[in-house]
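Have the viewer open as you read.

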Amino acid sequence: MKINVIGGGLAGSEAALQIARQGIDVFLYEMRPQRLTEAHKTSLFAELVCSNSLGSLDMKDARGLLKEEAKNLGSLILQVAFKYSLPGGKALVVDREKFSKEITKLIEDNPRIKVKRGEVTNFPVDEINVITTGPLTSSDLLYDMKEKLGMTSLYFFDAISPIVTKESLDLSKMFYGARYTETNDYLNSPMTEEEYKTFYNALINAEKHTPHDFDKVFFEACLPVEEIAKRGFDSMRFGPLTPVGFNKKYHAIVQLRRENIEDTLYELVGFQTSLTYAEQKKVFRLIPGLENADFERFGSIHKNSYVKSNEILLSTLQTKKFKNIFIAGQLCGVEGYTESTVTGLIAGVNAARLLKDKELVSVPQDTMLGSLIKFITQNQLQNPQPMRANFGLIPQEYFSINKIKRKEVFIEKSKAEIEKLKEIINE
Ligand SMILES: Cc1cc2nc3c(=O)[nH]c(=O)nc-3n(C[C@H](O)[C@H](O)[C@H](O)COP(=O)(O)OP(=O)(O)OC[C@H]3O[C@@H](n4cnc5c(N)ncnc54)[C@H](O)[C@@H]3O)c2cc1C
């Protein structure tokens, strides 16, 4: 007996490794390199399609707490992320290539995992499947899921940020430093009021790509920079170009985050964009220090699909219709690298438990992960948007505690609950 995992992204890689860890054979289906998505560039497993940051490590930040929970539950993807981490202030930033290469090796060298390259257009309902094909799931498979599961799928548009080479930057106009921490993790490009005005005008007048079914359904947490600019002259100064967090006063600051251990590539933080490539060169070269920037990757815009988990999924991440079909990762309506990874872990663990005839686990709600899964599977919304970990999702009873104490109490409770869950998973 074996389990099929469809999609070798973050969720699928974690699921496959967890299932193999339980001594069960896995067929891991991945359509790349035969068919690439609009965002993936390689055939590597767990490719990070945009930023190389997995977000905060601070436990008082919901995504930091989620990471702690995932780490304690034995996430193999996070283990690799820590191994290849780069300086990133309070965030877990990784060397994307080394990270994905190591995960690919772990998968390819695992005797329990058989890799099957090629697009899956339909899945067998009489076998155990974990579907983790992500926000860029191919349309034929999405159609097959709709037919078999009787589900609705939703979508939104978002965009990725450009990457430039360090050697093409004029570092004399930039400085190293991080907002809020005493580290030199970012390259910062300060702008005067005049420079900001010139940049703003060029940005809002620049030509954009407009896909044929583009109808401006953006995900609020990942808005293209030009969409932020359109909301008002100063809106970027309250978003990605905020000048706060440094001792000296600036009008606006663009931050560039290191991309690799070799320190040769930098990503423009928060510069997701749908501008044409020619316009990106023209407009982003107006940023001080980027006048001659070489673009290693341009920003771009994508349609992201996800399922209405509140209609079709149980808290075990099984579908209501077929208990042997699991959905995890961004496709199940969570948003973010860590969120995708850790739902892959739960779906993988539960798929293995189903095969072994063990009772499936639901993550306790007094944890960030449990709160997140509860939200995606039980919210009453007609059109839910993908959800990141956040403290607004935690059970109602915590809101009677004052805000500062609330997090502390919840973090302590989460530690205890995750410990118990870990024991069940490993028994
Ligand atoms: C353009 C873009 C930028 C993003 N940027 C960020 C970011 O900066 N930070 C962040 O936290 N999150 C980001 N996200 C959101 C999300 O965290 C990532 O999409 C994450 O990679 C989701 O993990 P996943 O495993 O669910 O899907 P993926 O990592 O996308 O993996 C899905 C895999 O399934 C494969 N696949 C698809 N269809 C089929 C099929 N029919 N048959 C076989 N294989 C198939 C794909 O090739 C892919 O390898 C971004 C998403 C997108 C689309």
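The buried residues of α11 pack against α2, α9 (309-312), α10 and α12. Some ground rules for that sentence: helices (H or I, at least four residues) and strands (E, at least two) are DSSP runs, numbered from the N terminus. Contact means that the C-beta atoms of two residues, placed from the backbone, lie within 7 Å. A residue is buried if 20 or more other C-beta atoms lie within 10 Å of its own, exposed if 12 or fewer, and partly exposed in between, again with C-beta atoms placed from the backbone. This is a predicted model, so local features need pLDDT of at least 70 and side-chain atom pairs count only at pLDDT 80 or more, while totals for chains, interfaces and linings use all residues. Residues are numbered from 1 along each chain as its sequence is written.

Back to α11: nine of its eleven residues are buried, so the rest of the structure largely encloses it. The buried set is Met368, Leu369, Gly370, Ser371, Leu372, Ile373, Phe375, Ile376 and Thr377. Helix α2 (residues 62-72) is also largely enclosed, because nine of its eleven residues are buried. Among the buried ones in α2 are Arg63, Lys67, Glu68 and Glu69. Their cover includes β3 (53-56), α3 (76-83), β5 (91-94), α10, α11 (368-378) and α12 (403-426). Just after α2, Gly74 takes a positive phi of about 95 degrees.

## Overall build

The protein has twelve helices and 16 strands. Its C-alpha trace spans about 65 × 50 × 40 Å along the principal axes. The radius of gyration is 22 Å, which agrees with the value near 22 Å for a compact globule of 427 residues; that rule is 2.2 Å times the number of residues to the power 0.38, with the radius taken over C-alpha atoms. Buried residues make up 48% of the 427. Of the contacts with a separation of 6 or more, 72% join residues 24 or more positions apart.

## Two domains

Domain bounds here come from an automatic or database domain assignment, which gives domain 1 (2-152 + 308-426) and domain 2 (160-301). Their C-alpha centres lie 30 Å apart. Across the boundary, 20 residues of domain 1 are in contact with 14 residues of domain 2. Helix α4 (residues 96-108) supplies the largest share of the domain 1 side, three residues. By class, that side has seven nonpolar, six polar and seven charged residues. The classes: Ala, Val, Leu, Ile, Met, Phe, Trp, Tyr, Cys and Pro count as nonpolar, Asp, Glu, Lys and Arg as charged, and the others, Gly among them, as polar.

## Nonpolar cores

In soluble globular proteins, nonpolar side chains tend to be buried together. A nonpolar core here is a set of buried Ala, Val, Leu, Ile, Met, Phe, Trp, Tyr and Cys residues joined through C-beta atoms within 7 Å. The largest one has 84 residues, and Ala16 and Ala328 have the most contacts inside it. Helix α10 provides the largest share of this core, eight residues. Apart from it lies another core, of 30 residues, including Ala178, Ala252, Val254 and Phe284.

What does Ala16 touch, leaving aside its neighbours within four places in sequence? Its contacts are Val5, Val26, Leu28, Ile107, Ile113 and Gly348.

## Around the ligand

A shell of 38 residues surrounds the ligand, the closest being Gly7, Gly9, Cys50, Gly134 and Gly329; a residue is near the molecule if its C-beta atom, placed from the backbone, lies within 6 Å of it. Which elements each supply at least two residues of the shell? They are α1 (10-21), β2 (25-30), β8 (153-160), β15 (300-307) and α10 (337-355). Helix α1 gives the most, three residues. The shell divides into 15 nonpolar, 18 polar and five charged residues.

A cis peptide bond joins Arg32 and Pro33, with omega about 5 degrees. Pro33 sits in the loop between β2 and β3, and Ala46 is in the loop between β2 and β3 too. Ala46 has a positive phi near 50 degrees without being a glycine, and it counts as buried because it has 29 C-beta neighbours inside 10 Å.

Asp357, in the loop between α10 and α11, has a positive phi of about 65 degrees although it is not a glycine. Is Asp357 buried or exposed? Asp357 is exposed, with 6 other C-beta atoms within 10 Å.
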